[in-house]
Amino acid sequence: MSVLTQIGNKLLLLIFSVIFTQNTFAQQLSVNNLTVEHQTNPLSVDNPVPRFSWKINSSVQNTLQTSYEIRIGTTPSINDNNAIKIGKNSPQSVLIAYNDKPLISKTKYYWQVKIKDNHGNTSPWSAVQYFQTGLLPADWTAKWISMVNPDTSLKSPLMRKEFNLDKKIKSAMIYVTAKGLYEANINGKRIGNEYLSPGWTSYKNHLQYQVYDVTASLKNGQNAIGVVLGDGWYKGRIGFENQKNFYGDTRALLLQLEIEYINGERKVIISDESWKSSTGAILASSIYDGETYDARREKPGWTNAGFKENNTWKPVRILEKGTEKLIGMSGPAVVKHEEFKALKIIKTPKGETVIDFGQNLVGWVILKAKGPAGTKITLSHAEVLDKEGNFYTTNLRSAKQQNHYILKGANEQTFEPHFSFQGFRYVKVDGYPGLLNLANFTAVAIYSDIKSTGKFTTSNPLINQLQHNIEWGQKGNFVDVPTDCPQRDERLGWTGDAQAFAKTAAFNMDVSGFFSKWLKDVKADQLPNGSVPFVVPNVLNAGSNGSAGWADAATIIPWDMYVLYGDRGILETQYESMKNWVTYISSVSKNDLWNSGFHFGDWLFYRPEDDNDGRAAVTDKYMIAQTFYAHSVQLLLNVATVLDKKDDVRLYKALLERIKTAYLKEYMTPNGKLVSNTQTAYVLALQFDMLPENLRQQAAERLVQNVKSYGNHLTTGFLGTPYLCHVLSRFGFENVAYDLLMQEKYPSWLYPVKMGATTIWERWDGIKPDGSFQTPNMNSYNHYAYGAIGDWMYINIAGINVVTEQPGYKATIIAPKPGGGLTSATATLETSYGLLKSSWIIENGIFKLDVVIPANTTATILLPKNDKKEKVGSGNYHFEYKYL
Ligand code: RAM
């Protein structure tokens, strides 16, 4: 089908073609990608009413689900007679809550789904998937065991137990957690592919356990389990004060192995007084400092049956039941991802031997080495080389980031740390025996197993590198909790950074489970008065809470997750926490003005070194606080509306009005000038609708003038940056937004790219134009906050916009806005419904757009330089027209 349209005097050819045409062949309708609570086949679902989601594949356009049927049973061969059935005439295919008779704890359920669509077709039953319900406190019979008392040794405890299985095994599940970190083995093999388990939570409130299906690892006869423990966040060095034992001083194990024989009998092996403990090769391990591993002290075969325990193996100690609350894993585990080959060996001017991996990453080096017993190899890790080309670690502050390996003198051995990780691009090698061979060094990235969902590319290689850097900033700092940085003695869950980046993060990867897990701790670590800590899990001093733009993570992130994943449940779970945060602000405000307490303000805004002229972009901190107060109340109001809490809607509407009135009185002149003449001041005022409508455009113009006065440079810090380009676009200054994006000189997003960055830096000038560094006290080269431009790129350049009223991309607006000299851009986004795509190119004056809309969703397509609006259903579409 093709349409000829007239716009002004220009003749426009609009070709509208649909790849799949209805009724030309039998429709293929199917259901796939089944998930429960955002996870594929999860093994520890705590929600008593777990939520089911699926995606729909259809070979015809405009497909919408009209009804669904779910079957849930306790055997893989589900049928209508042995299953619970849930069904409804409903378009909902994302996060449908179970609503039948109560599920039983610690039980594996199998499920499948089929649907009908608006074309009258019925899908076949989907493949059968499963989920297992979590354990109730009473399901735990295992006892906490530890080594000696007191637990003062730096060495990692080994704990082992042998047991006999005398019948054919049907299934075996192991439930395990630790105070500290653990690596568990059965019969000589490591269980699972996860690292840094049980993960980091607010241990005083929550401790996650993991569940593994170990049926295939067990055998008839004698079996052995061996578990090694590390200090981790629980007991190791964490925070700024060189503090240890923050959560407790004793590393301990809790393990329960449940075996079901074919004949229906059950056997349970638990951690208890029958276990033995010793130490082995891990002499010390620390998240910040690295690990020391002495291969001479390995105990070969200690996780196998038949191992001969010598007199170093001692009985274990039973600990009192703790107050910790065990919870199932609700987020993705940390696993290995990309591997990087060593690119080159550098001899630095100081004579150091340094290997370059070409990418700033988080993980460790897998080292192969062979040499005389007692040879000590030390790998030190750094993000950058200094101006002279020497290995630079001063910005790590006190974090050593060093792994030491001591050889045992046998054949070639492979080493990697167990309970530490490093942020690095360069590795300094000391003590390597013989000739250094690049093939013996491989860097591996570890991060939470958040699936890649978004891809974004353009015709401009610098922008593509920026996107690459944003993604790697995310990978490096999504290591079980969202951290600010992954290398120095910090690595903490800074709330401000997380809220600034959450939306961008959700374009690049599926962070629904990741943030659901973290938000539980935001709530758990919230103070009794409602204030929210600077970092979550909170390991800082009393008083480290309540900063505007940081604490607001408590309102901002749940809302983002709702809008981007359609997760209404997260609003229900977090509502109280959101309310408490707003109540806290109100309690410290006077006359509706939040003008007290400590605030970080627009952290790391632009400050010229020699500032005689007063060009530092300082924004009044209480003015910022007032805008975030309004924002948090607005979000709470939104949530109250979604959850239909009428009284709260009334309450927060009135409060919001008062907050805005107070703001105008205190911070704006009658002519519309703000008391701080900075980009961030105008950006926040406009983004959060602080100004009366008639004064908004003038404020946007003041913002533009400000940008121009800095020669098309941004001056914003952590709080202004995420919204800067959005505000410019919203008020019609798309070209100014592009000027800022394309700016290659400091301060800008592309300046670090031009300086060779492979991740986002903490500061706009982490490396100054002359090659020198910013203050080593705080200068990370892997810090995602400024990467928050990412969502503007997806939304404006590629044009993928979620419709808030139909969250989770149930409805999308595709509205690309070409500019900045770009001749093409493509973004794909794997949404909760399926793949969305917007891809455009300008060729010989013709604008061509390809769009893919997933089944069970709709889209509105707004073409650039064209006033036509296309409303479409699912399917593939192509548009092209003269673009003048
Ligand atoms: C530093 C980091 C972090 C920031 C805090 C306020 O620790 O820059 O990202 O959130 O300061």
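Trainee: Which domains is the protein chain divided into?
Mentor: This is a predicted model, and the assignment gives domain 1 (26-132), domain 2 (137-328), domain 3 (339-448), domain 4 (454-798) and domain 5 (817-882).

Trainee: What separates the centres of domain 2 and domain 3?
Mentor: Taken over C-alpha atoms, those two centres are 29 Å apart. The contact between them takes 26 residues from domain 2 and 25 residues from domain 3.

Trainee: Okay, zooming out. How many helices and strands does the protein chain have?
Mentor: The secondary structure comes to 14 helices and 47 strands.

Trainee: And how does the radius of gyration of the protein chain sit with a compact globule?
Mentor: The two agree: a compact globule of 884 residues would have a radius of gyration near 29 Å, and the protein chain has 29 Å. Along the principal axes, the C-alpha atoms fill a box of roughly 90 × 75 × 60 Å.

Trainee: What share of the residues is buried?
Mentor: Buried residues make up 63% of the 884. As for contacts with a separation of 6 or more, 73% of them come from residues 24 or more positions apart.

Trainee: Let's switch to helices. Why is H12 called largely enclosed?
Mentor: Helix H12 covers residues 734-742, and seven of its nine residues are buried, so the helix is largely enclosed by the rest of the structure. The buried ones are Glu734, Val736, Ala737, Tyr738, Leu740, Leu741 and Met742.

Trainee: What covers those buried residues of H12?
Mentor: The cover includes helix H2 (461-477), helix H10 (696-709), helix H11 (721-730), helix H13 (750-754) and helix H14 (790-798).

Trainee: Where is Pro747, then?
Mentor: Pro747 sits in the loop between H12 and H13. A cis peptide bond joins Tyr746 to Pro747, with omega about -10°.

Trainee: Which residue does Val536 join through a cis peptide bond?
Mentor: Val536 is joined that way to Pro537, with omega about -5°. Pro537 is in the loop between H4 and H5.

Trainee: Is Ser547 buried or exposed?
Mentor: Ser547 is buried, because its relative accessible area is 0% and the cut-off for buried is under 20%. Leaving out residues up to four places away in sequence, Ser547 touches Phe534, Asp552, Trp594, Phe598, His599 and Phe600.

Trainee: New topic: backbone angles. What is the phi of Gln401?
Mentor: Gln401 has a positive phi of about 50°, although it is not a glycine. Gln401 is placed in the loop between strand S32 (391-392) and strand S33 (402-406), and Gln401 is buried, with a relative accessible area of 0%.

Trainee: And what about the phi of Asn242?
Mentor: Asn242 has a positive phi as well, about 55°, and is not a glycine. Look for Asn242 in the loop between helix H1 (232-235) and strand S19 (252-261).

Trainee: Next, Thr122. Which loop holds Thr122?
Mentor: The loop between strand S9 (108-117) and strand S10 (129-132). Thr122 is partly exposed, at 42% relative accessible area.

Trainee: What does Thr122 touch?
Mentor: Not counting residues up to four places away in sequence, Thr122 touches Leu29, Lys114, Ile115 and Lys116. Thr122 and Gly597 are 475 residues apart in sequence, and 60 Å apart in space from C-alpha to C-alpha.

Trainee: Last one: where is Ile813?
Mentor: Ile813 is in strand S41, residues 811-814. Ile813 counts as partly exposed, at 29% relative accessibility.

Trainee: Which residues does Ile813 touch?
Mentor: Beyond residues up to four places away in sequence, Ile813 touches Gly799, Ile800, Asn801, Val803, Thr860 and Leu862. Ile813 and Lys314 are 499 residues apart in sequence and 65 Å apart in space, C-alpha to C-alpha.

Technical notes:
Residues numbered from 1 in each chain as written. Predicted model: local features only at pLDDT ≥ 70, side-chain atom pairs only at ≥ 80, totals over all residues. Heavy atoms only, no water. Helix = DSSP H or I, 4+ residues; strand = E, 2+ residues; numbered from the N terminus. Rg over C-alpha atoms; globule rule 2.2 N^0.38 Å. Buried < 20%, exposed > 50% of the residue type's maximum accessible area, 1.4 Å probe, protein only. Contact = heavy atoms within 4.5 Å. Domains from an automatic or database assignment.
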